[in-house]
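Dear colleague,

I am passing this structure on to you, and my notes on what was found follow below it. Please look through the sequence and the model before you read them.

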Amino acid sequence: MNLIYLYDEFMRVPDQMEGQAIYIIDPDIQEGYEISEKAHLYRYQLAEQASAEIYQGKTLDILAEIHQQTPITSIITKSTFRPVYQALFQEIKQS
């Protein structure tokens with residue numbers, strides 16, 4: 001299965017891209033700042049519009065759980081300059 005990982009910088013699935021979109025609400029990835037309820041709601045609504053499956057918890061744990069149920073062949077997302085996401089994407093590549 002191709003997985004499309006949505007996050008705050010990448011909340012729309014590009015046209016012609018095939019795969020299952022997911023959005024994970026992970027408080028450990030907030031880089032030490034609080035996100036307002038309106039921002040959470042807006043991201044949630046964007047994820048719903050993208051027909052994403054929405055999860056809450058630790059990203060790596062959720063990806064492992066999804067992989068157990070349906071093997072993930074690739075994860076598609078957008079590159080970022082933010083260190084917390086760069087580190088996360090590196091961890092995902094290694095696992």
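Helices (H or I, at least four residues) and strands (E, at least two) are taken here as DSSP runs, numbered from the N terminus. This is a predicted model, in which local features need pLDDT of at least 70 and side-chain atom pairs count only at pLDDT 80 or more, while totals for chains, interfaces and linings use all residues. Residues are numbered from 1 along each chain as its sequence is written, and side-chain values use heavy atoms, with hydrogens and water left out.

The largest cavity has a volume of about 170 Å³. By cavity I mean a set of points, on a 1 Å grid over the protein atoms alone, where a 1.4 Å probe fits but cannot get out, with lining residues having an atom within 4 Å of a point; the points are joined across faces, edges and corners, and the volume is the space filled by probe spheres set on them. Of the 16 residues that line this cavity, Tyr-23, Ile-24, Asp-26, Arg-43 and Tyr-85 are the closest to its centre. Strand β2 gives the most to the lining, with three residues.

Turning to Tyr-55, this residue is placed in strand β3 (residues 53-56). Beyond its neighbours within four places in sequence, Tyr-55 is in contact (heavy atoms within 4.5 Å) with Ile-22, Tyr-23, Ile-24, Ile-25, Ile-62 and Ile-66. The C-alpha atoms of Tyr-55 and Lys-38, which lie 17 residues apart along the chain, are separated by 18 Å.

With best wishes

Conventions. On a 1 Å grid over the protein atoms alone, a cavity is a set of points where a 1.4 Å probe fits but cannot get out, and a pocket is an open set with protein on both sides within 12 Å along at least five of seven lines; lining residues have an atom within 4 Å of a point.
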